[in-house]
Amino acid sequence: MSDEQAPNEQSGDATPTGPVEVSHTQELPPPPSSWFTQSAGSHGAPPRADTAWGNASLDAAELAAARAAAEREALRGNGPGHRAADAPGSEPGPSALPGVPAGPSGPAGPGVAAPANRRTPTRGALVAGAAVLALLAGSAGSAVTLLATNRTGGTAAGSGIPTPGPGATERPSGSVAAIAATALPSVVTIEVRGSAGSGIGSGFVIDKQGHILTNNHVVRSAAESGQITVSLLNGTQEKATIVGRDESYDLAVIKVDRSDLPVLEFARSADVVVGDPVIAMGAPLGLDSTVTTGIVSALNRPVTPGTDDERSFINAIQTDAAINPGNSGGPLLDMVGKVIGVNSAIARAPGTTGDAAGNIGVGFAIPSDVARRTAEQLIATGKAQHPVIGVKLNRTYDGQGVQVASGDDAVTPGGPAALAGIKPGDVILEFDGRVVRSADALVVAIRAKAVGDSATLKIRRGSDESTVTMTLQADSSS
């Protein structure tokens, strides 16, 4: 346990608080095996495709009625008191519309009497009328034919609905679809079976030597003994071994015996801003190769999931991209397809238990700057370095800022804080210009930096305030 984590021996067991309460965050648990036990029949599924939905035939009476209605509509469209004249030079003949009997000839033509208050149309008008009515009659015939065709099944294939043609599957560069097509082959599903239990998580390939980055809590149960199986996008499965893992950062590196797997590149999480669009990938609820989208909702969110003995300290990227059990260890990508975070924890509504965990639009990812640095250390040595300032904190203090404990060993001799002049009982108000509200928030801010980085602290001693600068050292106990 590092200096900053160790409570004062007189501090008691007060629950630490901060911008994100520990009781309202948790590591992403493995998905339960009973997510999909509900029967589809209970949702009112439609009948089988071969069930009759109605009579698709059209009898003779219906056809005659439809045809007569179309003919009457055509006559109304030709204007009152007019019918088509016969072709020039011919004698008046039967009605041009089949099925309509010819009547006695009148001035306007056979079967239609001319109105008394309207003069007889000229020959040109009759010719024009004939053309219009012929067109309408043709349309009416087509309408009847189309109606009969659709009602009787249309084509030999049994349907008059056009078949969709082939479409383009390429998507613009920078679109979610294009990024997913490129990144998903690097994202894996991790199944763990160990003496402490089994579960499913996610991970992604980070180099050509077959190293895969994931969360420590995904593979923790197989740390002593057990089996880790990695499933690739194409369904191929590979056995994996643990290279190194770290509780504090909740990161682990595992390795498969493959050198041909595509690699995901890291981006600088320091360049991420609130509102940036992001893409989360992984196996939520065991559903491998799942893609969800959202934005960066907040940055530098202090999150400390886990128990007291296995607590992680994450200076998290908060996102509203859907993250669920099984997403743990999967990548959070920017819109260039590079990794800006590792999905690790979710918030849960107050009063709910871990069994009720699921997406409520508040998920947390380990920033890529921390993830990349830790992965390199785990691959090189099997362990990660933890930066510290060399103090113990009074976790029962409830005033402004965070108080250094008052014991004789509260400030480590020769440590960064001692070299900067910090003494027991001092109150740390700010860390690198950010207000410190809890002990966990201070530890998270320190862990977000690297060993050898400098940090500026605002200190209050009594009524006096001062600013000190120090260089972070590695935790000797880690």
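**Close-up views of a predicted chain**

**View 1. Salt bridge between R220 and E310.** In this predicted model, R220 and E310 form a salt bridge (a side-chain nitrogen of Lys or Arg within 4 Å of a carboxyl oxygen of Asp or Glu), with 3.5 Å between the closest N and O atoms. R220 belongs to the loop between α4 (216-219) and β7 (226-231), and E310 to the loop between β11 (290-303) and β12 (314-319), so the pair ties together parts that are 90 residues apart in sequence. Helices (H or I, at least four residues) and strands (E, at least two) are DSSP runs, numbered from the N terminus. E310 has a relative accessible area of 31% and is partly exposed; buried means under 20% relative accessible area, exposed over 50%, and partly exposed in between (1.4 Å probe, protein chains only).

The model is a prediction in which local features need pLDDT of at least 70 and side-chain atom pairs count only at pLDDT 80 or more, while totals for chains, interfaces and linings use all residues. Residues are numbered from 1 along each chain as its sequence is written, and side-chain values use heavy atoms, with hydrogens and water left out.

View 2. The side chains of R245 and E247 meet at 3.6 Å, N to O, in a salt bridge. R245 is partly exposed at a relative accessible area of 29%, and E247 is also partly exposed, at 23% relative accessibility. Which residues are linked in a network of salt bridges here? The network consists of R220, R245, E247 and E310.

View 3. R372 and E376 form a salt bridge whose closest N and O atoms are 3.3 Å apart. Both residues lie in helix α5 (residues 368-381), and because they are four residues apart they are separated by about one helical turn. R372 counts as partly exposed at 35% relative accessibility, and E376 counts as partly exposed at 46%. The count of salt bridges comes to 14.

**View 4. Strand β10 and its partners.** Five of the six residues of strand β10 (residues 277-282) are buried, so that the strand is mostly covered. Two strands pair if DSSP finds at least two bridges between them. β10 pairs with β11 in the antiparallel sense over six bridges, and A280 has T292 in β11 as its bridge partner. Strand β13 (residues 331-333) also runs antiparallel to β10, joined to it by two bridges; there, I279 stands opposite L333.

View 5. The chain has 478 residues, of which 42% are buried, and its secondary structure comes to seven helices and 22 strands. Its accessible surface (Shrake-Rupley method, 1.4 Å probe; for residues, only the protein chains shown count as cover) comes to about 24100 Å², with 53% belonging to carbon and sulfur atoms. Among contacts (heavy atoms within 4.5 Å) between residues at least 6 apart in sequence, 67% join residues at least 24 apart. The average pLDDT, the predictor's confidence in each residue from 0 to 100, is 78, and 66% of the residues score at least 70. Over residues 34-58 the pLDDT is below 50, and this stretch has 15 contacts beyond near neighbours in sequence. Residues 79-121 stay under 50 in pLDDT, with 53 contacts beyond four places in sequence in the model. Where pLDDT is low, the predicted coordinates should not be read in detail.
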